[in-house]
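Here's a quick walk through this protein, going from the overall layout down to a few individual residues. Have the model open as you read.

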Amino acid sequence: IIRVGRERFEAATVLWQPSKAGISAYGIDQWLFDGIWKCDIDLRPELFKHIVLSGGTTMLPGFSSRLSKDLKEIWLERVAKG
């Protein structure tokens, strides 16, 4: 028997903070925002409105709400400037 406790939730944290695993990279929220931002300006609003999450990790409790919250924060910081 393998017992998994808080490690289950800490694994998801690495998606937002790769530095916790010793990886020098942006988090999933930054990658997603930057990917959308590189698209045509007319497409961005639709892409932000229609993000589809798929896969086992996205089923973790709070994943979609955290991603949504973080994308809004990035937008406020970079686009709305505050």
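## Overall layout

Starting at the N terminus, the elements of the protein run α-α-α-α. Keep in mind that this is a predicted model. In total there are four helices and zero strands.

So what about the overall shape? Along its principal axes, the C-alpha trace spans about 50 × 25 × 20 Å. The radius of gyration is 15 Å, while a compact globule of 82 residues would come in near 12 Å. Here are some whole-protein values side by side:

| Property of the protein | Value |
|---|---|
| Radius of gyration | 15 Å |
| Accessible surface | about 6,400 Å² |
| Share of that surface belonging to carbon and sulfur atoms | 58% |
| Buried share of the 82 residues | 20% |
| Distance between the centres of the positive and negative side chains | 5 Å |

On the charge side, you've got 12 positive and 10 negative side chains. As for contacts with a separation of 6 or more, 53% of them link residues 24 or more positions apart.

## The core

Nonpolar side chains tend to be buried together in soluble globular proteins. Which residues form the largest nonpolar core here? There are six: Trp16, Phe33, Phe63, Leu67, Leu71 and Ile74. Helix 4, covering residues 63-78, gives the most to this core, with four residues.

Take a look at Ile74, one of the six core residues. Setting aside its neighbours within four places in sequence, Ile74 is in contact with Asp29, Gln30, Phe33 and Val79. Phe33, one of those contacts, is a member of the core too.

## Out in a loop

Now go to Asp42, which is found in the loop between helix 2 (28-37) and helix 3 (44-49). Is Asp42 buried or exposed? Its relative accessibility is 64%, so Asp42 counts as exposed, the cut-off for that being over 50%. Asp42 and Phe63 are 21 residues apart along the chain, and their C-alpha atoms are separated by 27 Å.

Definitions and conventions
Residues numbered from 1 in each chain as written. Predicted model: local features only at pLDDT ≥ 70, side-chain atom pairs only at ≥ 80, totals over all residues. Heavy atoms only, no water. Helix = DSSP H or I, 4+ residues; strand = E, 2+ residues; numbered from the N terminus. Rg over C-alpha atoms; globule rule 2.2 N^0.38 Å. Buried < 20%, exposed > 50% of the residue type's maximum accessible area, 1.4 Å probe, protein only. Contact = heavy atoms within 4.5 Å. Areas by Shrake-Rupley, 256 points an atom, 1.4 Å probe, with all protein chains shown as cover. Lys, Arg positive; Asp, Glu negative; His and termini not counted. Charge placed at Lys NZ, Arg CZ, Asp CG, Glu CD. Core = buried A, V, L, I, M, F, W, Y, C linked by side-chain atoms within 4.5 Å.
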